[in-house]
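I opened this entry to keep track of what I looked up in the structure below. The notes follow the order of my searches.

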Amino acid sequence: METKSEVVSLVNISTEKWPPRHRTYFGSLEVRSPAPGEPFAITPIRGCTGVMDLGDKRTTDIRITAREIAEDIAREINGDSGEGSFHGVFVAAGELPTAAELSDACRRLEEFQRKLVAAADLEWERTKNPMFITDLERRAARQLGLEKPWLYDPKPLVECPVCAEKIKPGVAVCRSCGAILDREKAAQYGLVPPRRARRDRSDTRAEADGAGKQEHEPDKTSQ
Ligand SMILES: [Zn+2]
């Protein structure tokens with residue numbers, strides 16, 4: 001039965017732009033994001049009539065309430081990023097969100113963002129590899145105003161002058177071919193004998209006194 005048009009408010013406190021939502025019963029719907037300086041944006045949601053296929057060319061209309069649709073969209077947007085996933089979208093009880101609803105949503109969003117940042121910190125500690133930090137985690141850190149070493153793009157790689165493999169700038173030894181690229185640094189870590197002591201060790205291959213020259217250990221390149 002078609003009653004007076006019911007409308008519920010889907011509230012979004014995140015500045016994230018969501019791709020439009022699609023449903024067979026209403027087509028496409030854009031969830032609004034707050035304008036700069038606005039604490040939230042409201043997307044009004046109306047109820048719809050869907051058509052249910054009963055088979056044998058018989059169909060029946062089913063009424064889907066505005067609240068059901070709004071809850072469904074909120075669940076879809078919030079719920080795809082793991083445990084406690086929340087992206088700042090909720091259905092207000094009334095036409096406008098109450099202060100309590102808004103502060104609850106802010107708290108949940110911040111909680112989830114902190115969780116993402118903690119996961120990124122852990123990943124960083126383990127790997128020091130910015131490739132393993134997700135866009136979601138970077139965005140969370142930025143929105144919380146946190147400075148993190150993993151927020152930035154990795155330093156561009158350079159080419160090993162010996163084997164032309166991509167290597168990190170400033171490394172002592174090429175990981176690919178074993179060439180010593182920074183003798184001083186390599187000696188510091190005991191990878192080559194210190195310069196002075198070298199003369200006593202006739203067995204080391206690094207005998208040639210080509211100071212400043214890169215050395216190559218060809219045994220590691222052969223595959
Ligand atoms: Zn190399």
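**Salt bridges**

I searched the whole structure, a predicted model, and the search returned ten salt bridges. I then looked at one pair, Glu110 and Arg114, whose side chains meet in a salt bridge at 3.0 Å, N to O. That distance falls inside the 4 Å cut-off for a salt bridge, so the pair counts. Both Glu110 and Arg114 belong to helix H2 and sit four residues apart, about one turn of the helix. My background note reads that side chains of opposite charge can pair when their charged atoms come close.

**Helix H2 against helix H3**

Next I followed helix H2, residues 99-127, to its contact with helix H3, residues 135-143. What I wanted was the angle and the distance between the axes, because two packed helices are described by these. The axes of H2 and H3 come within 8 Å and cross at roughly 120°. I noted the crossing of H2 and H3 as left-handed.

Which residues make the contact? On H2 I listed Gln113, Leu116, Val117, Ala119 and Ala120. On H3 I listed Leu136, Glu137, Ala140, Ala141 and Gln143. Sorted by class, the contact of H2 with H3 holds seven nonpolar, two polar and one charged residues.

**The three-stranded sheet**

I then turned to the strands and found an open sheet of three, in the order E4-E1-E7, with antiparallel pairing. Strand E4 (41-46) and strand E7 (89-91) are the edge strands, each pairing on one side only. From one strand to the next, the twist averages 30°.

Within this sheet I checked how strand E1, residues 7-12, pairs with E4: the sense is antiparallel, over six bridges. Ser9 stands opposite Pro44 in E4. I also recorded that helix H1, residues 66-78, lies across E1, E4 and E7 and runs at about 160° to E7.

**The E5-E6 hairpin**

Last, I looked up strand E5 (residues 48-55) and strand E6 (residues 58-64), which pair in the antiparallel sense over seven bridges. For Thr49 I found Arg63 as the bridge partner in E6. How many residues lie between E5 and E6 in the hairpin? I counted two, and Asp56 in the turn has a positive phi of about 50°.

Definitions and conventions: Residues are numbered from 1 along each chain as its sequence is written. This is a predicted model: local features need pLDDT of at least 70, side-chain atom pairs count only at pLDDT 80 or more; totals for chains, interfaces and linings use all residues. Side-chain values use heavy atoms; hydrogens and water are left out. Axes are lines fitted to C-alpha atoms, for helices over the stretch in contact, and angles run from 0 to 180 degrees between N-to-C directions. A crossing is left-handed if the near helix is turned anticlockwise from the far one by less than a right angle, and right-handed if clockwise. Contact means heavy atoms within 4.5 Å. Ala, Val, Leu, Ile, Met, Phe, Trp, Tyr, Cys and Pro count as nonpolar, Asp, Glu, Lys and Arg as charged, and the others, Gly among them, as polar. Two strands pair if DSSP finds at least two bridges between them.
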